[in-house]
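Please examine the structure shown below together with its sequence. The briefing that follows is arranged by topic.

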Amino acid sequence: MAHAADAPLSEPPRRLVRALGETYGEDAAGAWLGGLPDTARRALGERGATAERVVEPGGRSSVVALVRLPGGEPAALKLAPPFAAPALEREALAHWNGWGAVRLLDDAPDGPGLLLERLRPDVSLRSLPEAKALLEAAGTVRRLWVEPPEGHRFESVAERTARMAEAMALHRADEAVGALVAAALEAREALLADAVEALLLHGCFRQGKVLAGDRAPWLAVGPEPVVGERAYDLARLVRDRVEDLVAEASGPVAARRRVSRLAGSLDLDGERVRGWTLFRAVEAGTRALAAGREREAEPLLEFAGWL
């Protein structure tokens, strides 16, 4: 993958291939992946960019290549299938304009891919000790919580979680997880009944989504933008490094303390953070079960049970 004229991304990261198939279906994923080399060539050619390497293992809904622009400036090119809503990611990044998030370098809504400032893809907040990582994460996500742009197309937390709830409800009769599912669905209904704000959120904020940069020490990447209350955006962060929590005897206490500390550091209602954390952990756990990933589901559901 040395030149724009080559056939880059002929072999996309295996994690991406597997995740796209599981999330969007083998047919849709296969069709997009089959056209990826041509899409990459066009994206590079339209910008006069030269590709250096693909970031591995990469994400679960897109592929990122480190590139050089015609003047030699470093950048990153992100390619995602249309069903992963890259247009909405572009809209959110343009609105943040580099405030707390990676900066969008071009605004070509009709062109392929997102051209982004280059960060350090191998250095995320997960490289820091847990306490320091959570402190930096809180400082980063706080910057992203702004009023959404006029006429935006982002879905609401209510809309997004309605789809999640529908899938989760299929597990109500499951003896092993039915009680947790019922509790999570009840928590969602209560939280939506008195929703308190409608801000632009990252949507999938966690330590691995915050990378080291030159313009700022830490910047968020990979938003799945949604409009709703801030507590929703902490729910994924709370369960970061869940495998470590489950392995410790103090895991239940540590999990509840994390909810309290994150909520307190950002002036949020701890019960609302706990409720959304419960819902999103159970949703992720039942989704993993449905895909046959029991080893991934078990710590998520155990964590949810502590809340």
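The crossing of α6 and α11 is left-handed, a term used if the near helix is turned anticlockwise from the far one by less than a right angle (right-handed if clockwise). This is a predicted model, in which local features need pLDDT of at least 70 and side-chain atom pairs count only at pLDDT 80 or more, while totals for chains, interfaces and linings use all residues. Residues are numbered from 1 along each chain as its sequence is written, and side-chain values use heavy atoms, with hydrogens and water left out. Helices (H or I, at least four residues) and strands (E, at least two) are DSSP runs, numbered from the N terminus.

**Helices α6 and α11**

- The axes of α6 (residues 157-168) and α11 (residues 270-290) come within 10 Å and cross at roughly 45 degrees; axes are lines fitted to C-alpha atoms, for helices over the stretch in contact, and angles run from 0 to 180 degrees between N-to-C directions.
- The two helices α6 and α11 are therefore oblique to each other, where under 35 degrees counts as roughly parallel, over 145 as roughly antiparallel, 65 to 115 as roughly perpendicular and the rest as oblique.
- In this contact (heavy atoms within 4.5 Å), α6 contributes Val157, Thr161, Met164, Ala165 and Met168, and α11 contributes Trp276, Phe279, Val282, Glu283 and Thr286.

**Helices α7 and α11**

- The axes of α7 (residues 178-193) and α11 come within 9 Å and cross at roughly 135 degrees.
- Helices α7 and α11 are therefore oblique to each other, and their crossing is left-handed.
- Among the residues of α7 that meet α11 are Leu180, Ala184 and Leu191, and the α11 residues include Arg272, Gly275 and Trp276.

**The sheet**

- Three strands form an open sheet in the order β5-β7-β8, with antiparallel pairing; two strands pair if DSSP finds at least two bridges between them.
- Strands β5 (120-124) and β8 (218-220) stand at the edges with a single partner strand each, so one side of each has no neighbour in the sheet.
- Between β5 and β7 (residues 210-212) there are two bridges, and arginine 120 has alanine 212 in β7 as its bridge partner.

**Aromatic pairs**

- The structure holds four aromatic pairs, counted for rings of Phe, Tyr and Trp (its six-membered ring) with centres within 6.5 Å; planes under 30 degrees apart are stacked, over 60 edge-to-face and the rest tilted.
- The rings of tyrosine 232 and tryptophan 276 have centres 5.2 Å apart and planes at 85 degrees, so this pair is edge-to-face.
- Tyrosine 232 lies in α8 (residues 230-238) and tryptophan 276 in α11, 44 residues apart.
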